[in-house]
Structure formats: structure tokens, C-alpha cells
Amino acid sequence: MSDIKTLGNGISRRQLIRKGALLTGAGMAAGLTGFPYINRMAVRAQAAPLKFWQFYAPGGQVKSQVDWFTKMIGDWNDSHDQKVELEYVPNAEYINGPKLATSFASGEGPDIFLISPGDFLRYYNGGVLQDLTPHIDDATKADFPESVIANRMVDGKIYGIPMEVEPMAMYYSVKAFEEAGLNENDVPKTWDELLEVARKLTTPNRYGVLFETTPGYYQNFTWYPFLWQGGGEFQTKDGKSAFDSPATVQALKFWQDAVNSGAAPRQVLGNGANDTVANLAAGYCAIQNVGIWGISQLAGNAKDFKYGVFKLPTPANGKYVTVGGGWAFVANAKGKSPDAAAQFCAWALASMDKDSVQRVADWCTKAKSDMPPRNSALQAGGDAFTQGNIGTFAKNIHPGTRAEPRVPPEVYKIISDAIQQSQLGGADPQQTATAASQQLDAFLASYSGAPIL
Amino acid sequence: MDTGMSPHQNKPHQSTPIRQKGLSAKHREWVAGYLFVLPDAIGLLIFLGLPMALSLVLAVFEVNGFGGYRFVGFANFVRMGKDPLFWQAARVTALYAVLLVPLLYVCGLGLALLVQKTNRFNAVMRAMFFAPHMVSLVVVAVVWQFMVVDKIGVINKLTPLLGISGISFLGDPQFALLTVVFVSLWFLMGFYMLIFLGGLQDIPKEYYEAAKIDGASPFHCFWYITLPLLKPTSFFVLMVSMVAAVAGAQAFDIIYVMTKGGPANSTAVLIVYIYQQAFSFGAFGYAAAMSSVLVIVLMLVTALFFVMTKGGRFSYD
């Protein structure tokens with residue numbers, strides 16, 4: 001009997017091995033001939049559309065915002081060889097999730113993206129923000145008020161172009177006021193008055209006033225004006241901590257008193273204290289500390305809800321000031337084509353071209369309810385900035401706006417812990433301010449990045 | 001009579017080992033066993049072992065999250081020692097584990113004892129107790145968040161009936177961790193009930209019958225038969241629940257969704273703090289150092305526990 005065993009179909013094992021080897025060889029040859037194609041793919045990747053990561057379009061919930069972004073990209077792609085493509089990242093994932101962080105860590109960050117002042121230094125110090133200045137002419141530079149553009153600049157160069165200014169204010173429910181026998185004449189002007197009115201508005205099912213309680217950049221952002229109103233700062237001009245001050249203690253104590261009195265909640269609903277629909281319109285609170293975007297939120301999702309807005313109350317002998325946040329377009333200096341990305345940012349939001357100005361005005365009046373970051377856009381918006389609640393913002397609230405500070409993550413965390421410990425942890429505000437100030441000093445002494453503003 | 005054979009050849013045939021070609025049966029069985037384990041081992045090596053090793057390497061670098069690496073030796077470990085938030089997170093983690101692990105053991109075993117008899121009612125009850133484990137952790141966290149919300153949450157509507165009111169379950173540092181432990185327990189206890197059910201069904205019924213004939217009470221049966229014979233299961237449950245409490249998905253998901261580590265860092269367990277450092281602050285090197293220490297501590301505690309309990313084996317002393 002032959003040693004060579006045959007398989008069922010009559011092919012011997014040796015034949016099978018031979019044919020298998022032939023097939024493998026043919027496959028490898030085909031693979032080698034495929035290399036040029038792979039190389040061509042690499043070439044194509046260089047001309048691939050620039051990726052623009054943001055949390056508005058095309059998957060966003062608000063049609064006017066999706067339309068604004070889609071039109072902008074369409075207009076650019078119609079007139080430029082280098083195309084841009086929108087990539088939607090859900091808001092919570094964009095702000096608190098790992099997607100952006102891991103993409104940059106792996107060298108695969110987006111070409112264009114949005115950042116807030118709170119995150120500016122992390123990206124700038126990481127060396128991924130492209131200088132946009134060469135694409136912005138002097139007339140356009142002058143069109144941005146200093147208070148709006150300063151925290152996006154380093155050494156006179158612009159690294160981010162703001163698309164909006166979002167000042168903080170207080171919103172109140174007309175129905176809640178009426179139920180408590182109050183009217184618009186009772187709108188509080190001082191902190192003490194606010195706490196007193198809030199107590200009157202508090203019921204077994206409703207809080208009188210709501211401040212942010214969840215730790216994060218947003219909570220710090222909403223707390224800064226209360227620090228500033230008493231003359232407080234977290235840093236002196238020579239780069240040392242200024243946190244241990246009566247103004248800091250006063251601001252920490254104000255939020256603590258609001259919670260301890262039972263007039264302010266320890267928890268917020270919905271997406272957080274920036275969500276007017278889930279908190280104010282739902283009846284969870286009667287007054288809510290929130291930004292100008294609340295107008296479009298309520299117009300879109302609680303049309304029948306009656307409300308008013310008023311500027312932040314001030315402490316005794318304090319000075320009115322509020323904080324203005326807002327997102328900015330930035331280009332990735334380590335992206336596929338940093339120069340083209342920078343050109344896109346400037347074309348979209350920072351050109352004296354009529355379309356660019358109108359685009360900014362449309363974003364602030366039609367897509368959202370914001371104050372424009374440019375003087376020309378304020379004029380282009382016309383009546384939209386003089387009527388209704390936006391008119392109140394433009395006339396009464398926005399003039400006292402100070403830009404959101406840009407701080408490194410370490411400084412953010414120290415301030416955040418101080419707010420949390422006094423607001424919800426019941427810690428003594430003076431001791432908290434002192435301890436936080438010592439931590440700030442220790443950090444600032446070794447900090448070597450771009451200036452903290 | 002001389003047969004011409006050597007003395008060695010004179011030995012009976014049975015006592016002469018016949019050398020077989022290749023491996024012995026025992027070795028072939030070993031090889032087969034290892035081959036079965038190999039695919040899983042390769043997967044573990046690639047997806048767990050390698051990242052752990054890389055994490056350990058990353059721990060000696062300062063990583064800015066934008067492709068910048070700088071060798072810093074043990075600086076990240078030194079920073080850990082001086083970081084009050086790290087120690088606070090370690091304390092919160094220890095407290096979370098100390099509260100959760102015994103509760104999981106008692107509740108898991110208790111539920112298993114309640115539903116161990118096989119009948120239709122118990123089948124329904126088993127399914128109900130296990131049901132939370134089939135729901136996404138994020139959904140669990142969001143639903144409980146709504147239920148315990150201040151003033152208007154269903155729990156806060158019910159507590160006045162017990163004479164308790166005004167508690168902020170997630171907004172007060174005194175209650176936030178306890179609330180998170182309770183939700184974790186609710187989510188996990190059905191899983192441990194199933195494991196204990198498996199252990200209980202392995203105990204021969206004859207032991208209980210013999211004990212009853214000798215006049216043993218139900219408590220005696222539990223104490224002298226059930227509990228000792230559940231040693232291997234108990235060991236497994238304690239080990240797994242401890243690891244879950246320190247580094248489990250529920251420890252992160254529930255806390256991150258319900259409290260983000262607040263209020264005032266009262267629920268910031270180590271893995272939440274590590275996540276913040278890595279993904280919010282871009283301090284990947286420092287986060288890797290903390291992760292490495294956490295893994296090493298977990299391995300040491302597990303080894304110690306293994307030695308102390310002899311791996312949960314029966315003792316015949």
C-alpha cells in the first residue's frame with residue numbers, strides 16, 4: 001500500500017500542499033502588486049477633506065444650527081479645492097468624554113475643532129494650536145473687542161476665533177413669581193435680596209434659586225462673576241495666588257448660604273444647570289443662573305413658558321460684572337494641512353467679507369441666541385439685538401461682561417474643589433480659600449506655559 | 001540454565017518499561033490542555049498584558065496628551081505620594097469596597113438561600129433578582145438619579161412616610177457614597193446570587209438529611225454544612241467582588257453618571273480620579289502611574305487573600 005494517503009476527492013496530501021503553496025505564492029504576488037495601490041491611497045489621504053469636529057452638525061438636535069454649519073461647509077467647499085467635512089461628536093462626549101483627548105494623544109486629532117477658553121491653555125501648551133493671525137487682516141482684528149479676543153491670543157497672535165459671546169444672567173419664572181405674590185419689581189439687585197426672594201419662592205416641590213452643583217469647568221465658569229463682583233481674583237499680576245481674599249470668601253459663602261438655607265438645590269436636573277428646560281421650565285426652580293443660550297433653549301423646547309431675565313445681583317458695595325463664555329474655531333497645528341485649516345477658520349468667522357460678517361450675525365440671532373463677538377456682526381444683526389430678552393441682554397447684561405478666564409487644568413481643579421467643598425461639603429469658606437490659595441501658589445511657582453488670564 | 005540472555009533481559013516482561021514513541025499520555029494531555037488555553041491566553045496577553053506593561057512604561061514619562069513624552073523616572077510616583085486628592089480617592093475607594101463587598105456577600109448568599117428550591121415562584125424571583133444585571137449601567141445610573149433627585153424624586157416623596165425628609169441623596173457628601181453603594185449593590189447582587197446558587201446546588205442533600213436525623217436545626221445546618229462547603233464559592237465571590245469594587249465597570253459608570261465624583265470629591269474613587277487625570281487634564285503619565293499602583297496593590301491583596309484562605313480550598317485538618 002502506498003504511503004501517500006489520498007483525500008476524499010482523490011487529491012493526495014502532497015498534491016494539496018503543493019497546490020496550497022502555489023496559491024499562497026500567487027496571493028503574495030497579488031499582494032505585492034497591490035502595494036502601489038496602497039501607496040496611492042496614502043497620497044489620496046493627503047488630499048482628503050479636513051475633518052471639523054464639533055457638537056452641532058450634522059447629528060445635532062437643533063435644525064437651525066445644523067443648517068448653519070451645513071451651509072458654511074457647503075459655501076467653503078464650493079469655492080475651495082481643499083474640502084472640509086463636518087464630524088459630529090455628541091456634546092457630553094465632546095466636553096467630558098475621552099474622544100478628543102485620545103485622538104490627540106494618538107496623533108489623530110481633528111484638523112479643525114472647537115474649544116472654550118477654559119480649555120485653551122491645555123491645547124496651546126500642548127503645541128497643537130495653529131497661529132491664525134496670517135489669515136486675518138488688521139481691519140478684522142480691530143472688529144473683535146479686546147475683551148473677547150484676548151483670551152484666545154498669546155504674544156499678539158490669534159489662536160482661536162470666537163463664534164459667540166455668552167454672558168451669564170438670572171432667568172425667572174413669571175408663574176412662580178406670581179404664585180409667591182411677587183412681580184418684576186421684586187427682581188433682586190443684591191445677593192441678600194436674591195436669597196430673601198429665593199426663600200419666598202421655595203416650596204416643598206420647588207427651589208427658589210439654582211446655581212450649578214456638578215463639579216466641572218462649567219461650574220467654575222458660572223462662579224467667577226461672584227468672585228469678581230467683590231473685587232476678587234485668583235491670580236495677581238505678578239503671577240501669584242490672589243485667592244485668599246475677602247472677595248473669595250464672600251463668594252464661596254454666598255453659594256454656601258444659598259444651599260444651607262434650603263433655597264438652592266444640591267442637585268440639578270437634565271443636562272445640568274445650563275439646561276433651562278429641565279430646571280426652570282420644568283418647575284424645579286424659580287430662578288436659574290444661566291447664560292444667554294437659555295433664550296433659544298426655551299424658544300425651541302418650552303415655547304409657552306413665560307420668563308424674564310435680569311442681570312446678576314451684586315454684593316453690598318460690589319460692582320456689577322458677569323462672565324462671557326463662548327466657543328471658538330481653532331486649527332490643529334499637527335493636522336493634515338494646518339495652513340488650509342487656519343485659512344478656513346479665518347474665512348468662516350474672521351473676514352471683513354460681507355458673508356463672513358453675516359455668518360457670525362446669523363449664528364447669534366438665527367441658529368442660537370448669543371451676543372456676537374464682532375462689532376460688525378452686532379450691526380448686521382440689526383433689530384435682533386434690540387428686542388425682547390436678547391435686547392435685555394444687549395442693553396443691560398452684556399455691557400458688564402468679562403471674558404471667561406483661561407486656566408490650566410491644575411488651576412481649574414483647585415478652584416473647583418474649593419467651590420465644591422464650601423458649597424456642598426459645608427467647609428469653612430475662609431479655611432477653604434486659604435488652603436486653595438496655598439495650592440495655587442505651589443502650582444503657579446512651577447508653571448511655565450502661556451500666560452494665565 | 002544459561003539462556004544466553006543478560007540478567008537485565010531475565011527480568012519479567014511486565015517490569016520492563018516499554019519506551020513509547022513521542023510524548024507520554026500524561027504529557028500529551030498537558031499539551032492538549034495548554035493548546036486549548038492558548039487562544040485565550042494570547043488574547044489576554046495582547047489585550048490585557050501588553051497594555052498593562054505599556055502603562056507601566058508610560059508611568060515613568062510625563063505625557064502631555066499631544067504626543068510629547070519626557071522621561072521623568074519616578075516623579076509621577078512621588079507626585080502621587082504628595083497629592084492629597086490621590087489619597088482622598090484611595091480612602092473613598094477603600095470605603096466603597098469595605099461597604100460593598102460584605103453587603104454583596106450577605107445579600108448574594110441570602111437571595112440564593114431564599115430561591116434555591118426549584119419551583120415556578122423561585123424561577124420568577126431568580127429572574128427578577130438578576131434582571132438589573134441585564135440593564136446598561138448608564139441606564140441604571142440615570143434611572144436612580146431621577147429616583148433620588150432632591151424634593152421631587154420618588155424616593156424623596158416616600159421617605160417622609162418614614163419620618164425622614166430633606167435628604168439630598170446625591171448632593172450631600174454624607175449620603176452620596178452610601179447611595180452609590182446601594183445602587184451598586186442593587187445592580188450586582190443578582191449576579192452573585194447566581195454564583196451562590198451554583199455553589200449551593202453542589203452540596204449533597206444527604207448531608208442535610210443526616211444532620212436532620214441527628215436533630216440539627218436549620219441554623220446548625222447552615223453554619224456547619226452550607227457555609228463550610230461554600231468555601232470555594234465564597235472565595236470566588238469575595239475575590240471577584242473586591243476587584244469589582246475597586247476597578248469594576250460599575251464603580252466607574254455609576255459614579256461618573258450619577259455624581260461625576262462629587263459632591264466635594266466624596267464619591268471620587270480612584271478609577272474616576274484616574275480618568276479625570278487622563279482624559280480631562282491630559283496627564284496620561286500620572287494616570288498610568290496611578291493605574292499601575294492600583295493594579296499592583298490589587299494583585300498583592302488578591303495574593304494575600306489567596307494564601308490566607310488557601311485558595312478557598314477545603315481544609316481536612
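Which residues have the most contacts inside the largest nonpolar core?

## The core

They are A:Ile112, A:Val209, A:Phe329, A:Cys345 and B:Val269, in a core of 192 residues. A nonpolar core here is a set of buried Ala, Val, Leu, Ile, Met, Phe, Trp, Tyr and Cys residues joined through C-beta atoms within 7 Å. Buried means that 20 or more other C-beta atoms, placed from the backbone, lie within 10 Å of a residue's own. The core draws at least three residues from each of domain 1 (50-165 + 326-403) and domain 2 (167-324 + 407-446) of chain A, with bounds from an automatic or database domain assignment.

## About the model

This is a predicted model, in which local features need pLDDT of at least 70 and side-chain atom pairs count only at pLDDT 80 or more, while totals for chains, interfaces and linings use all residues. Residues are numbered from 1 along each chain as its sequence is written, and chains are lettered from A in the order in which they are written.

## Inside chain A

Of the 453 residues in chain A, 49% are buried. The chain has 19 helices and 13 strands, taken as DSSP runs (H or I, at least four residues; E, at least two) numbered from the N terminus.

## Meeting chain B

Chain A brings 26 residues to the contact and chain B brings 25, where contact means C-beta atoms, placed from the backbone, within 7 Å. On the chain A side, helix H4 (99-105) and helix H18 (409-423) each supply at least two residues. H18(A) gives the most, with four residues.

Methods. Buried ≥ 20, exposed ≤ 12 C-beta atoms within 10 Å, placed from the backbone. Contact = placed C-beta atoms within 7 Å.
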